[in-house]
Amino acid sequence: MGAPLALAAMGGYTSERSGVINIGLEGMMLIAACMTAVVGVPYGAVAGLAAAIASAIALSTLHWLMTQKFSVNHVISGMGINALAAGGSSFVFAIYGDPKHEGGVPQLSVWIFFVIAVISPALLWLYAGRTRGGLRLVAVGADPDKSRLMGLQPLQIRFVALVATGLFCGLAGALLVSYVGVYTNNITAGKGYVALAALVVSGWRPIPALAVCLALGFFTSLQYRFQGTGFLHWIPSQAWQSLPYLLTIIALAGFLGKNRTPAGLGKP
Amino acid sequence: MWRLAALLTGGLAMLAGAMLISDVGPLHALRTLFEGSLGSPGAVAGTLRETSPLLLAGVAVFLALRAGLYNIGVEGQLIVGAAAATAIALQVSGPAGILLASLGGMAAGALWAFPAGWIKAYRNGHEVITTIMLNNIAIYFTGWLLSSPMKDPDQQSPTTGTIDAASRLPHVFSNPPLIISSGLVLGIAAVILLALWLKKTVAGYELEAVGANPVAAKYAGINARKSTLLAMASSGAIAGLAGAVQVLAYEGRFYTGFSPGYGFDALGVAILAGSNALGVIPAGLLFGILAKGGTALQIEGVPKGITTVVLGFLILFAAAVRYRQVKAVA
């Protein structure tokens, strides 16, 4: 369970570090998961993955267009993207989905996804801290006006960052479907928001974000394991499920270390 | 007004495109959409029923929006308010029950919004993330309430018992199939009250000043933190009231999946409404028509997702026209 969260969180990382608030992670994952199933069933797993990534990148580019070109508030654009994805995925799946299809969606090996999920945070950390492009990404996110004065072009840098967001969310959505082999409406069920939460709790840093996501995945599977065994049965399962959200609120209130929010988040 | 018309045309064009994909004639489908929502007294009653919660929830979002706050948490505040109102109405019946349940719903909604307002005002944590988190906690919390403490033991599914007929809000017009509940009147009244409050009172003026420019408001002697906290808590209280009214006027009980996303639709309503609170009424009505007409389309074989897509585009278009940020000169 931790791997799709980690992939989506990395998508959030590239976006938010470049200064674009992205609550559309949820929608991008959802449309990607839908495309994995709708395209994957007739044309095979690789085509499904390609369609997943392409659709997530399309939504991400729309977010870039709205927030950067039309100067729409990032939150409103994100809500719009989520609505498009929620409606679009259920519409497309109702028409092109094949409910009678036997044997589920063709799957790629989940190990490929796991390797990407574990390696990409380290790569992103190196990229952001050690390379010219990465430092520019962080600079644009920290202060778009000053970086503009330094000769950077926030719009271009953010475009690349959001394409990367789409790529990661596409992988995350495809992985969700590859786990179970079937697509159901609203399969993400808020996982995009959890990924965003993990990113916030970890202070917008990729390797801690990976750790948080893996810990969440670990606790989720632990909870499934203990369900019905009577261990800690006096704690309702809903309390466990609320825990990541509660931790995020506490982290945002500044009770878990200093506030590390990128300073230019949401600025044009 | 022409902008609203342009949006409407865009939305309808999109609907028509979707009809072509799903093998239903576009004209026929549009007729279905409007006949299903406005064509008969029963359809109108259904549209107004869909509009009613969107008015109150729209007022909640709008109020926060004027203070510069994005209250994505209306959904959570609404369901917590509905749960509290049901719990009270099940204990106390009659007019006293209605009053207490409404107040209880408001208190629960305000309580649920308070952490987001406090963190925004005193800890500078973004309210969007906190309210999204509070939404999820609200869903799990009410899920737990329905799994044991509030569950009606006689029912299979997770639902509470039904409240007493004496604790229901009365109808203002009843000529079946056209029935109008006083819930709708409350919604319209809330919109008008908000418009007056924002324009005619000091607190309302301060709230809008903080929303327009918090730094300038601070130098003008306004306590911006207090205003932020007040706006968030009031927004939550109205959202809680929306949940309470939904129980008292229409549903009569609280259950899993109580809100089909009123809080999120309300965000679209508030954005479409523009800068005047009175705009919430036509925007709410438009969303109500789409919701009711969408159900009629579904019967014709057009998947319901299409109305959500149209709403998403409406939000994006309206935002592109209205909510553009001023670019800093650099």
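In this predicted model, helix α11 (residues 262–273) of chain B and helix α12 (residues 280–299) of chain B cross at roughly 135 degrees, and their axes come within 8 Å. Angles over 145 degrees would count as roughly antiparallel and 65 to 115 as roughly perpendicular, and α11(B) and α12(B) are therefore oblique to each other. The crossing of α11(B) past α12(B) is right-handed. If you want to find the spot, look on α11(B) for B:Asp265, B:Gly268, B:Val269, B:Ala270, B:Leu272 and B:Ala273, and on α12(B) for B:Val280, B:Ala283, B:Gly284 and B:Phe287. Sorted by class, that contact has 7 nonpolar, 2 polar and 1 charged residues.

Now try another pair in chain B. Helix α4 (residues 74–91) of chain B packs against helix α6 (residues 127–147) of chain B at an angle of about 25 degrees, with the axes 8 Å apart. Angles under 35 degrees count as roughly parallel, so that is what α4(B) is to α6(B). Here α4(B) passes α6(B) in a left-handed crossing. On the α4(B) side, the contact is made by B:Glu75, B:Gly76, B:Ile79, B:Val80 and B:Ala83, and α6(B) answers with B:Leu134, B:Asn135, B:Ala138, B:Thr142 and B:Leu145. These residues divide into 6 nonpolar, 3 polar and 1 charged.

Next, step back to where the two chains meet. Chain A puts 41 residues into the contact, and chain B puts in 41 residues too. On the chain A side, α4 (74–96), α7 (144–149), α9 (191–201) and α11 (237–252) each supply at least two residues. It's α4(A) that gives the most to this side, with 14 residues. By class, the side of chain A that touches chain B has 25 nonpolar, 14 polar and 2 charged residues.

What about the interior? In soluble globular proteins, nonpolar side chains tend to be buried together. In this model, the largest nonpolar core has 196 residues, and A:Ala198 and B:Ala60 have the most contacts inside it. Helix α10 (residues 224–251) of chain B gives the most to this core, with 15 residues. Let's zoom in on A:Ala198. Leaving aside its neighbours within four places in sequence, A:Ala198 is in contact with A:Leu5, A:Ala9, A:Ala209, A:Val212, A:Cys213 and A:Leu216.

Another residue to look up is A:Phe114, which is found in helix α5 (residues 110–130) of chain A. Along the sequence, A:Phe114 and A:Ala6 are 108 residues apart, yet in space they are 9.5 Å apart, C-alpha to C-alpha.

Finally, have a look at a couple of loops in chain A. Most residues other than glycine have a negative phi. A:Ser71 has a positive one, near 50 degrees. A:Ser71 is found in the loop between α3 (45–69) and α4 of chain A, and with 17 other C-beta atoms within 10 Å it is partly exposed. Phi of A:Ala189 is positive as well, near 45 degrees. You'll find A:Ala189 in the loop between α8 (154–180) and α9 of chain A. With 14 C-beta neighbours inside 10 Å, A:Ala189 counts as partly exposed.

Technical notes:
Residues numbered from 1 in each chain as written. Chains lettered and ligands numbered in written order. Predicted model: local features only at pLDDT ≥ 70, side-chain atom pairs only at ≥ 80, totals over all residues. Axes fitted to C-alpha atoms, helices over the stretch in contact; angles between N-to-C directions. Helix = DSSP H or I, 4+ residues; strand = E, 2+ residues; numbered from the N terminus. Left-handed = near helix turned anticlockwise from the far one by under 90°. Contact = placed C-beta atoms within 7 Å. Nonpolar A, V, L, I, M, F, W, Y, C, P; charged D, E, K, R; others polar. Core = buried A, V, L, I, M, F, W, Y, C linked by C-beta atoms within 7 Å. Buried ≥ 20, exposed ≤ 12 C-beta atoms within 10 Å, placed from the backbone.
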